[in-house]
Amino acid sequence: MANKQLTTEELVARAKEVRRLIIQMLVRAGSGHPGGSLSATDLITALYANVLRFNPADPQWPDRDRFHMSKGHCCPLWYAVLAKAGYFPVEKLFTLRQFGSMLQGHPDRKTPGVESASGSLGQGLSIALGMSLAAKIDKKDYRVYVLLGDGELQEGSIWEAAMACAHFSCSNICAILDANGCQIDGRCEDIMGLEPLAAKWQSFGWHVIEINGHDMQQILSAYDQAKTIKDKPTIIIARTIKGKGVSFMEGVVGFHGRAPTEEEARKALEELA
Amino acid sequence: MAEQLYQRDVYGQALVKLGSLNKNIVVLDADLSSSTRTNLFAKQFPDRFFNFGVAEQNMMATAAGLASCGKTVFLSTFAVFAAGRAWDQIRVSLSYNNFNVKIVATHAGITVGPDGASHQALEDIALMRVLPNMNIIIPCDGPQTEDAVMAAADKPGPFYIRLGRSKVSTMDNKGEFKFGQAQLLTKGDDVTIVACGMMVTQAFGAVKNLASKGINARLINMHTIRPIDSEIILKAARETKLIIACEEHNIFGGLASSIDEIVAENFPVKVIRVGVRNRFGQSGEPEDLLKEYNLTSLDIEKAVLSNISKNKQ
């Protein structure tokens, strides 16, 4: 299904709308992870609006592009984008984390558009690899996108998967790294250094595109470039700001896994108006 | 002398058969394909076989991705690495997702032999049994291994099939294999012996010896551990009042625990555990290890004789 392409300006407006939804969902839920949801908002909003091939009326359409959120704690972002894409009504978003909701605290297949559960970090790149190999076996041309967190790269299984994606020449994989530089206990470089990220991925056989993950034009051209890469997987290393869009959350480690209070949410929504 | 087969040989051949019947079958291995015999499939269907190198966690979660696209995935490595190394991937990506992935773990139990403790999985049944959605089959011999593979291919959802390293004697006259339904191998009302895997052969030896002493033992091959056949266990509890549970596994968390849970809730009777008594294994030939860890026919016979009520002796 061809998506209606949004202009850069429309994408910026859509991303702001998604950020508002994230804040509204989290304050209603009373718990959840704003920081990483907001840092990856521009990347995933653009992906669903202009890049991904899918049909919300037929979530299991065999030729759909696949998206998987390996850093599952940022599912408020995923849910908001899925709702905007038409997978379910926006009102459903406000059941996040509630008893009986289809919107679990971490991704679950009962949510339309969610292909696989996640929440235990380090498994999503392997899931993407499996989807990629299935395309290869079935001679299908769908692409596989997976969102990784930078703290998540400390899981050894990510590097097992990184090695294998290159070994099997999975050019249909585009990993998106939300490099916001923060994890629960502090700055990634203080907790367990990850740099140089680009050199690491290159040495594992990946095509690396490094961008500002809040610049819509850079985001769109990175997705375009990734489609042209043959014989190797691509990773977009998106330099982002944790909590992006809400001044008092930006770069603040404490907002990794704490929902805003009513007052904080009010201020945040004012900023995102 | 009964026919002796390697279960993994039968497994490899069954995969090739399945591969021809069903184009959706994909097979994965982690650098052990010559030991697990998935190399037979690899040779026939190279486009549907992937070797992950020494990286079990990646293999397990990749299987989930393949299954999400409609593939039926069989994957193999040694039981210690399958159930132990990649347990979180099994929990979140396979079991929670309820994906169609069949873990066929070889080299389980003490009879791995000379490789020693690190390679002797004595905890894997326990690790798999606590996962919702997981189905567990422990075939007792070569032919039953094919039955298990075919049953797993037929039924959607995650499976754990546990195979040994060494040859096992083929048990005759087991009757038809039905997933989730245990097999009654001998009739008897004095005591019930429930066994799984290669311990079925040991148990059968014990039954013969007991018969010569005038004790009629009922022998049950509990090839499916989950979902377990609680009906046959409760019938045995009511009719024989004593159950001996035999497994090549720690006495905690495996077959014996499964039986304990059912009888404790419904009809409490004595359940005696013949298994590895909370120890690690060690190097040695399988026969020597079976003796050291009290897993022989004689040990089963002793367990019966020392627990059966005097009036039955």
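In which loop of chain A does Pro196(A) lie? Pro196(A) sits in the loop that runs between helix H7 (188-191) and helix H8 (197-203) of chain A. The legends below refer to a predicted model.

**Figure 1. The cis peptide bond at Pro196(A).** Glu195(A) and Pro196(A) are joined by a cis peptide bond. Its omega is about 0°. The loop that holds Pro196(A) has helix H7 (188-191) on one side and helix H8 (197-203) on the other.

**Figure 2. The cis peptide bond at Pro227(B).** In chain B, the peptide bond that leads from Arg226(B) to Pro227(B) is cis. Here omega is near -5°. Pro227(B) belongs to the loop between strand E12 (224-226) and helix H10 (230-240) of chain B.

**Figure 3. Positive phi at Lys139(A).** Lys139(A) is not a glycine, yet its phi is positive, at about 50°. The residue is placed in the loop that links H5 to strand E2 (144-149) of chain A. Lys139(A) has 6 C-beta neighbours inside 10 Å and therefore counts as exposed; the cut-off for an exposed residue is 12 or fewer.

**Figure 4. Positive phi at Ser169(A).** Ser169(A), also not a glycine, has a positive phi of about 50°. Its loop lies between H6 and strand E3 (173-179) of chain A. Ser169(A) counts as partly exposed because 15 C-beta neighbours are found inside 10 Å.

**Figure 5. Packing of helices H3 and H9 in chain A.** Helix H3 (residues 41-51) packs against helix H9 (residues 216-228) of chain A at an angle of about 55°. The two axes are 10 Å apart. With angles of 65 to 115 degrees counted as roughly perpendicular and those under 35 as roughly parallel, H3(A) and H9(A) are therefore oblique to each other. The crossing of the two helices, H3(A) and H9(A), is right-handed. On the side of H3(A), the contact is made by Asp42(A), Leu43(A), Ala46(A), Leu47(A), Asn50(A) and Val51(A). H9(A) contributes Met216(A), Ile219(A), Leu220(A) and Tyr223(A). By residue class, the contact of H3(A) with H9(A) consists of eight nonpolar residues, one polar and one charged.

**Figure 6. The side of chain A that touches chain B.** Contacts between the chains involve 20 residues of chain A and 23 residues of chain B. On the chain A side, the elements that give two or more residues are helix H5 (124-138) and helix H6 (156-167). H5(A) supplies the largest share of this side, nine residues. The chain A residues that touch chain B comprise 10 nonpolar, seven polar and three charged.

**Figure 7. Surroundings of Val276(B).** Val276(B) is part of strand E14 (residues 270-276) of chain B. Val276(B) has 25 C-beta neighbours inside 10 Å and so counts as buried; the cut-off for a buried residue is 20 or more. Leaving out residues up to four places away in sequence, Val276(B) touches Ile110(B), Leu122(B), His249(B), Asn250(B), Ile251(B) and Tyr293(B). One of these, Leu122(B), is 154 residues from Val276(B) along the chain. The C-alpha atoms of Val276(B) and Leu122(B) are separated by 7.6 Å.

Figure 8. Chain A contains 10 helices and seven strands. Its radius of gyration is 17 Å, which agrees with the value near 19 Å that a compact globule of 273 residues would have. Along the principal axes, the C-alpha atoms of chain A fill a box of roughly 50 × 45 × 35 Å. Of the 273 residues in chain A, 53% are buried. Among contacts in chain A with a separation of 6 or more, 77% are between residues 24 or more positions apart.

Figure 9. Chain B has 13 helices and 14 strands. The globule rule gives 20 Å for 313 residues and the radius of gyration of chain B is 19 Å, so chain B is as compact as a globular protein of that length. The box filled by the C-alpha atoms of chain B, taken along the principal axes, is roughly 65 × 40 × 35 Å. Buried residues account for 58% of the 313 residues of chain B. Of the contacts in chain B between residues at least 6 apart in sequence, 79% join residues at least 24 apart.

Note on methods. Residues numbered from 1 in each chain as written. Chains lettered and ligands numbered in written order. Predicted model: local features only at pLDDT ≥ 70, side-chain atom pairs only at ≥ 80, totals over all residues. Helix = DSSP H or I, 4+ residues; strand = E, 2+ residues; numbered from the N terminus. Rg over C-alpha atoms; globule rule 2.2 N^0.38 Å. Contact = placed C-beta atoms within 7 Å. Nonpolar A, V, L, I, M, F, W, Y, C, P; charged D, E, K, R; others polar. Axes fitted to C-alpha atoms, helices over the stretch in contact; angles between N-to-C directions. Parallel < 35°, antiparallel > 145°, perpendicular 65-115°, else oblique. Left-handed = near helix turned anticlockwise from the far one by under 90°.
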